[in-house]
Amino acid sequence: MLMELFSFYNVENLFLPDPKPVHKLDPTRSGLRNWDEKRYKNKLFKISHVFQLMKEDNGVLPFIIGLAEVSGRKVLEDLVEMEPFNSEYGIVHYNSMDERKVDVALLYDKTKVEVIDSETITFFFEITNKNKGYYDTTRDVLFSKIKYKGEIINVFVAHLPSKREKDINKPKRAFILNEVRERIMKIVDIDKEHIILCGDFNENPDDENLVQILSDNDHKKVLMNPFQELFSTRNYSTFHFKSGLLYDQIMMSRSLLDNKTLAFQDAHIFNSEKISSKIRNFEGRPFRTYAGTRYLGGYSDHFPVFVKFKSLQ
């Protein structure tokens, strides 16, 4: 019996190094302070090291990895050249129209996975009281149809608009999730294919939007979210002030419960001490790259999450 991991990781602002500013106050592409080659290389090493640690703990690297907060394809090309990927991972990435220029992406083990099709699902939101033709854009949802051991899996990777200013983005998240849900229901009903939906949803597993997406229009459960149970037992992937949050989740179609090729086993937050903060007040929280404008040199402000599958074939 084989084991496979599927992982999702919000890597916190993986940007190429900024060109040196001509003037001291020139704005930078990354929006980060002193984001230079040395810090970029350290960040790449840290992110690749997370997956090395995951492999040491579980005996296997994830065969598919969803990523959020990556800026452009080049950072992904640099990442997959490193240990433990060693250029054996393929990349699915499209530039989105996000105002911060951060996208989602998919990495996959080329020896196990074939990508049949991929596209972005783009969302435009009209801004009221502005010039006609001016739209508010957000991060795309990435869709990939992959083949693993002869079975088709439809993978969605999302990074939903964040919570801020009295949560003005809540309707946007509801709109995006509703569109994704309609696509999922169609695939399950008509194509009878497997689904995996992963991402940073900027909502916890018990939030209304994420509960609704699990069922079809007849209230029949179509997807399962193993992160509901983790959240109810106070397991978190990121933190905001004093609150623990589980915004990073992986949901899947119920067809993956008793499947011979991939059968769901359990879900985890990869909160290894090695990638956690050493500062006393922040123990048990992710060791992040920046705190505001202060460079800390850590990994990310999120822990990666993953699910384990048994493969009986």
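Me: What makes E37 partly exposed?

Reply: This is a predicted model, by the way. The relative accessible area of E37 is 43%. Buried needs under 20% and exposed needs over 50%, so 43% puts E37 in between, as partly exposed.

Me: Where is E37, and what does its side chain touch?

Reply: E37 belongs to helix α1. Its side chain and that of K41 are joined by a polar contact of 2.5 Å. As for E81, 44 residues away in sequence, the C-alpha atoms of E37 and E81 are 17 Å apart.

Me: Why is the pair E37 and K41 called a polar contact?

Reply: The cut-off for a pair of N or O atoms is 3.5 Å. The distance for E37 and K41 is 2.5 Å, so the pair is within it.

Me: What about F309: why is it called buried?

Reply: F309 has a relative accessible area of 0%. Buried means under 20%, so F309 counts as buried. F309 sits in strand β18, residues 305-311.

Me: Which residues are in contact with F309, leaving aside neighbours within four places in sequence?

Reply: Among them are L2, M3, E4 and F6, along with I196, M252 and L256.

Me: How do you know whether Y290 is buried or exposed?

Reply: Y290 comes in at 3% relative accessibility. That is under 20%, so the label is buried. Y290 is in strand β16, which covers residues 290-291.

Me: What does Y290 have to do with R33?

Reply: A polar atom of the Y290 side chain lies 2.4 Å from the backbone oxygen of R33. Along the chain Y290 and R33 are 257 residues apart, while their C-alpha atoms are separated by 9.0 Å. Beyond four places in sequence, Y290 is in contact with residues including E12, L32, R33, N34 and W35.

Me: N202 is in a loop, so what makes it buried?

Reply: The label comes from accessibility: N202 has 8%, and under 20% means buried. The loop in question runs between β10 (194-200) and α4 (208-212).

Me: Which backbone atom does the side chain of N202 reach?

Reply: The backbone oxygen of L160, at 2.8 Å. N202 is also in contact with R139, H159, P161 and Y247, among others beyond four places in sequence.

Me: What makes the phi of E69 and of H219 worth a look?

Reply: Most residues other than glycine have a negative phi. E69 has a positive phi near 65°, and H219 has a positive phi of about 65° although it is not a glycine.

Me: Which of the labels, buried or exposed, goes to E69, and which to H219?

Reply: E69 has a relative accessible area of 11%, under the 20% limit, so E69 is buried. H219 has 71%, over the 50% limit, so H219 is exposed. E69 is in strand β2, whereas H219 is in the loop between α4 and β11 (223-224).

Me: How do you know that the peptide bond from E83 to P84 is cis?

Reply: Its omega is near 0°. Most peptide bonds are trans. P84 is in the loop between α2 and β3.

Me: And helix α2 itself: which of its residues are buried, and what do they pack against?

Reply: In α2 (residues 73-80), the buried ones are V75, L76, D78, L79 and V80. The buried residues of the helix pack against β1 (2-14), α1 (37-58), β2 (64-70), β3 (89-93) and β4 (103-109).

Me: Zooming out, how do you know that the protein chain agrees with a compact globule?

Reply: For 313 residues, a compact globule would have a radius of gyration near 20 Å, and the protein chain has 19 Å, so the two agree. The C-alpha atoms fill a box of roughly 60 × 50 × 40 Å along the principal axes. The chain has 5 helices and 18 strands, and 54% of its residues count as buried.

Me: How much of the contact count comes from residues 24 or more positions apart?

Reply: They account for 69% of the contacts with a separation of 6 or more.

Terms used
Residues are numbered from 1 along each chain as its sequence is written. This is a predicted model: local features need pLDDT of at least 70, side-chain atom pairs count only at pLDDT 80 or more; totals for chains, interfaces and linings use all residues. Side-chain values use heavy atoms; hydrogens and water are left out. Helices (H or I, at least four residues) and strands (E, at least two) are DSSP runs, numbered from the N terminus. The radius of gyration is taken over C-alpha atoms; the globule rule is 2.2 Å times the number of residues to the power 0.38. Buried means under 20% relative accessible area, exposed over 50%, partly exposed in between (1.4 Å probe, protein chains only). Contact means heavy atoms within 4.5 Å. A polar contact is a pair of N or O atoms within 3.5 Å; within protein, one must be able to donate a hydrogen and the other to accept it, and residues adjacent in sequence count only if both atoms are side-chain atoms.
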